[in-house]
Amino acid sequence: MGKLFKLKSSYKPAGDQPKVIDKLIDNIKNGAQYQTLLGVTGSGKTFTIANLIDKIEKPVLIISHNKTLAAQLYNEFSGFFPDNAVEYFISYYDYYQPEAYIPRTDTYIAKDSSINDEIDRLKQKTTMSLLTRRDVIVVASVSCIYGIGEKEEYASMSFSVNIGDNFTRKDILSRFVELLYVRNDIDFDRGTFRVRGDIIDIYPAYMRNLAIRIELFDDVVDRIVMFDPISMRIIEDRKSVVIFPANQYISSKERRDAALKTIKAELQKRVAYFKRKGKLIEAQRIEERVNFDLEMIEQVGTCSGIENYSRHFSNRKEGETPATLIDYFGDDFLTIIDESHVTLPQLKGMYRGDRSRKRTLVDYGFRLPSALDNRPLMFEELQQKWKDVVFVSATPAEFEKELSKPHIVEQIVRPTGLMEPPVFVKPMDSAVDDLAGEIKKTTQAGNKVFVTTLTKKMAEDLSEYYNNLGLKTKYMHSELNAIERAKIISDLRNGVFDCIIGVNLLREGLDIPEVALVAILDADKEGFLRSETSLIQTSGRAARNVDSKVIFYANKMTDSMKTAIDEINRRRKLQEDYNKKYNITPKGITKSKDNKMLEMCNLDYMDKLNEPEVVVNKKDIPKMIRMLRGQLKKAVKEMDFESAIKYRDEIERLKKLDLES
């Protein structure tokens, strides 16, 4: 039996990577459930994890706290494992407004979502891959712990067709309808099928530019081919094919009938409860809403918001753990928690936030109590499903470090020989003028600067003050959309200005090799933005440049500052000793300026960001929206989510204009 995964890369492990890879593998083989990879910025943590996956013969789930970062990881692992199934599983992307009710203002907000076709396909493809093979790497957002259809039911509903099978045309069409595919002989697209005599075409929900043709002869399957639905070119002949459902929320007729009965029973009980409490409006509301949904399920097999009835379709008891993507992995898989210091708090908080919103909907008659069981996993439930877990972070929190003890594996030495930037502490009282001199010195050497402040007001004032001095600075704030942030980053790297000033530059994902100075103002003000973790993470923004340094401006030494400086110095000493031992000269990181996120900044619309809004003719709005949706789909297919955000926001703006006019 061959290897499960095949890692392809022109690089070889270097620096700390070889010993870290061996240690991670040994820990797993020796039964360590939890371990932490403490890897400094720029040390090649992703490549280390790729080497770990290459040696561990089991499926892999990688969870990221951020969709854009998840897309980057997906692209990297797709490059490392081109012959394996690298999948991408995030929540529907274009637009999502959850259902909610605000009692104080008597405001009901209906669920509103614009399901992105490509994201939906990738989710379907993920579950299909997990059911049909083991060499699967899934890069997911935290939405992977949210309830989806049950694995067993989804798998049992699949339809297998082989050459020589006896099927009438009616048999096949009936099965496609059961799998929630829709007949459309004109607009052939994902999730549809079409019929021409004894030739049946189906476009599976999880495929892109690939459809299946089944040809019958005297009620016998005579030929099966895969073809391009656009060019109609035959890709390959097949002896058999398995077609999976078009929707993860699917159930057999028997289970659907049983669910309808239990939903009706719960409805009667809930209506009686509201009437007993004198809440006649709530009683009428829940009765009308649920009866409408029941009628839709009986007629077409599904309804809007069918996931709120998932407990009935999966025959679960109240409060029982829902089925999630994690159940599709089976009992033996590896979990990687990327940027664990941020991702774990998100995983812990999802259940409480979801329940609070749904509790209000239930109390006011918008949903049955069983809707509470359409939920994400509680963190304790998630822990019960994990077996082998690796937390990855440059600054892991105490929670994961405690779980991992004694299996905390450090990756301190970078393959490039780059060391942690030295940290200098200077008085805050003279910070503004001193920093002006530091910025001049840094920019004259051809490098760039990051400055972090505690307040927006100070960031704005400081930027204006330095610009008046002739320094080229730019204020970056949280209200900027993704496209505007990308424009600022592009301008910084291309010399339009030399310094970014902001409150929290951590959130921007700014790893720019030209940055040689990071200045942290009011470093002695203890709190979230000046914690040990934040100080180390912010300092790491200068860790990709040979000439870099960090300045903490403070009037006293806090515990967080001391701990951060001691940790940075400890890492720097290890890196320095390694470089001396192996006679390594540190090399700065070079990063192409022509990546997708920056390329989009050169588009014409970027030059118009600061121009007055163009007056839109109402009759042109539908056409403009259609055009933008096409661009949005293309951007998502290319994993260019920064551009996708721009197109989505513009679509929403045009919709509002259409309603107002």
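**Figure 1. Overview of the predicted chain and its contacts.** Among contacts in the chain (heavy atoms within 4.5 Å) between residues at least 6 apart in sequence, 75% join residues at least 24 apart. This is a predicted model, in which local features need pLDDT of at least 70 and side-chain atom pairs count only at pLDDT 80 or more, while totals for chains, interfaces and linings use all residues. Residues are numbered from 1 along each chain as its sequence is written, and side-chain values use heavy atoms, with hydrogens and water left out. The chain holds 20 helices and 25 strands; these are DSSP runs (helices H or I, at least four residues; strands E, at least two), numbered from the N terminus. Of the 661 residues, 50% are buried, where buried means under 20% relative accessible area, exposed over 50%, and partly exposed in between (1.4 Å probe, protein chains only). The chain exposes about 31,200 Å², with carbon and sulfur atoms supplying 49% of it; accessible areas come from the Shrake-Rupley method with a 1.4 Å probe, and for residues only the protein chains shown count as cover.

Figure 2. Have a look at residues 45-55, which form α2 and are mostly covered: 10 of the 11 residues are buried. Among the buried ones are Phe47, Ile49, Leu52 and Ile53, and also Lys45 and Asp54.

Figure 3. Ala205 sits in the loop between β12 and β13 (211-217) and counts as buried because its relative accessibility is 2%. Its contacts include Arg121, Tyr181 and Ala246, leaving aside residues up to four places away in sequence. Glu118 is 87 residues from Ala205 in sequence, yet their C-alpha atoms are 9.9 Å apart in space. Arg375 belongs to the loop between α10 (340-363) and α11 (379-385), and it is buried because its relative accessibility is 1%. With residues up to four places away again left out, Arg375 touches Tyr146, Glu320, Tyr351, Asp354 and Glu381, among others.

Figure 4. A salt bridge here is a side-chain nitrogen of Lys or Arg within 4 Å of a carboxyl oxygen of Asp or Glu, and the count comes to 47. Asp237 and Arg223 pair at 2.8 Å, N to O. This pair links distant parts of the chain, with Asp237 in β15 (residues 234-238) and Arg223 in β14 (residues 220-227), 14 residues apart. Asp237 is partly exposed at 48% relative accessible area, and Arg223 is partly exposed at 30%. Over in α14 (residues 456-468), Lys457 and Asp461 are 4 residues apart, about one turn of the helix. The closest N and O atoms of their salt bridge are 2.7 Å apart. Lys457 is exposed at 53%, whereas Asp461 is partly exposed at 35%.

**Figure 5. Surface patches.** Patches are made of residues with over 30% relative accessible area and no salt bridge, joining like charges within 9 Å and nonpolar side chains (Val, Leu, Ile, Met, Phe, Trp, Tyr) within 5 Å. Asp171, Asp198, Asp218 and Asp219 form a negative patch. For charge, Lys and Arg count as positive and Asp and Glu as negative, with His and the chain ends not counted; the place of a charge is NZ of Lys, CZ of Arg, CG of Asp or CD of Glu. Asp198 lies in the loop between β11 (192-196) and β12 (199-203) and is partly exposed at 41% relative accessibility. Phe292, Met296 and Val300 make a nonpolar patch of about 280 Å², and Val300 lies in helix α8 (residues 280-300).
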